[in-house]
Amino acid sequence: MVRIGDFMFRPIFSILSTVVSIYALLCFLRILVTWIPTLSYSKFSRFLGKVCDPYLNIFRGIKWLQLGSFDFSAALGLCILGVAASMFSGFAGRSVIALGIVIQMVLQLAWSIVTSILTFLIIILVVRLIILFVKKDDYYSNPILDQIDSSISPLVYNIAKTFTAGKRISYTTALIVAIIALIAIIVLGSIAINLICAMIASLPI
């Protein structure tokens, strides 16, 4: 157990939290700028590229972060920066650092990243399901919807077949099953993380 006050670590952790938060903001701006063609080649954009791309490129190319046209690599990079900033801020607000506290913070913050990604997926699936119910006669006429379907359908069917014993089901049914499954994962995962953290808190570490 490290006593923060004794070693004057609180100001250091506070500074680290601020620095990481500012860097996360710069990375976020870098991502936004790449979506605006008129700003992509500006001096500000080139500056952000030099500062942020070395970090963001670490996550690019990771296959499990890519779902069709959706690329979660930048989101993961931002989430990790957010986790680091939160941890430093948490350390700055404590008088002692125990191993158990560190493990709990890492587990909770890591789970928050997973939950954020799953929640984003659920939102996409729910929106697509609503569109299917509203526009039953316009299933493949929209190129944007085609792109979304090509991105999410493999995941949707892979999740659905786990709970339907491999039976052939419609796209609408697969969406519903996938949404329910993802919500269940979030709920059960949150319960499990809370139980694990409670067990760790009871240990003398």
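So, which residues make the nonpolar surface patch of about 550 Å²? Hold that thought for a second while I cover the ground rules. This is a predicted model, so local features need pLDDT of at least 70 and side-chain atom pairs count only at pLDDT 80 or more, while totals for chains, interfaces and linings use all residues. Residues are numbered from 1 along each chain as its sequence is written, and side-chain values use heavy atoms, with hydrogens and water left out.

Okay, the overall layout. We've got 6 helices and 4 strands, where helices (H or I, at least four residues) and strands (E, at least two) are DSSP runs numbered from the N terminus. Going along the sequence, the pattern reads β-α-α-β-β-α-β-α-α-α. Of the 205 residues in the protein, 35% are buried. For burial, I'm using under 20% relative accessible area as buried, over 50% as exposed, and partly exposed in between, with a 1.4 Å probe and protein chains only.

Back to the patch. The residues are Val126, Ile130, Phe133, Val134, Ile176 and Ile180. Two elements give two or more residues each: helix 4 (99-134) and helix 6 (171-202). Helix 4 brings the largest share, 4 residues. Ile180 sits in helix 6, and with 54% relative accessibility it counts as exposed. For the record, patch residues have over 30% relative accessible area and no salt bridge; like charges are joined within 9 Å, and nonpolar side chains (Val, Leu, Ile, Met, Phe, Trp, Tyr) within 5 Å. The areas themselves are Shrake-Rupley with a 1.4 Å probe, and for residues, only the protein chains shown count as cover.

Now, how do helix 4 and helix 6 pack? Their axes come within 9 Å and cross at roughly 165 degrees. Those axes are lines fitted to C-alpha atoms, for helices over the stretch in contact, with angles running from 0 to 180 degrees between N-to-C directions. The crossing of helix 4 and helix 6 is left-handed, meaning the near helix is turned anticlockwise from the far one by less than a right angle, with clockwise being right-handed.

Helix 4 also packs with helix 3 (residues 73-92), at an angle of about 150 degrees and with the axes 10 Å apart. That again makes the pair, helix 3 and helix 4, roughly antiparallel, but here the crossing is right-handed. Within helix 3 there's Ile80, which is partly exposed at 34% relative accessible area. Ile80 and Ala110 are 30 residues apart in sequence, and their C-alpha atoms are 8.3 Å apart in space.

Tyr157 belongs to helix 5 (residues 143-163) and is partly exposed, at 32% relative accessibility.

Last topic, charges. How many salt bridges does the rule count? The count is 1, taking a side-chain nitrogen of Lys or Arg within 4 Å of a carboxyl oxygen of Asp or Glu. The partners are Asp53 and Arg30, at 2.9 Å, N to O. Asp53 lies in helix 2 (residues 43-56) and Arg30 in helix 1 (residues 9-34), so the pair ties together parts 23 residues apart in sequence. Are these two side chains' residues buried or exposed? Asp53 is buried at 16% relative accessible area, and Arg30 is buried at 14%.

Conventions
Angles under 35 degrees count as roughly parallel, over 145 as roughly antiparallel, 65 to 115 as roughly perpendicular and the rest as oblique.
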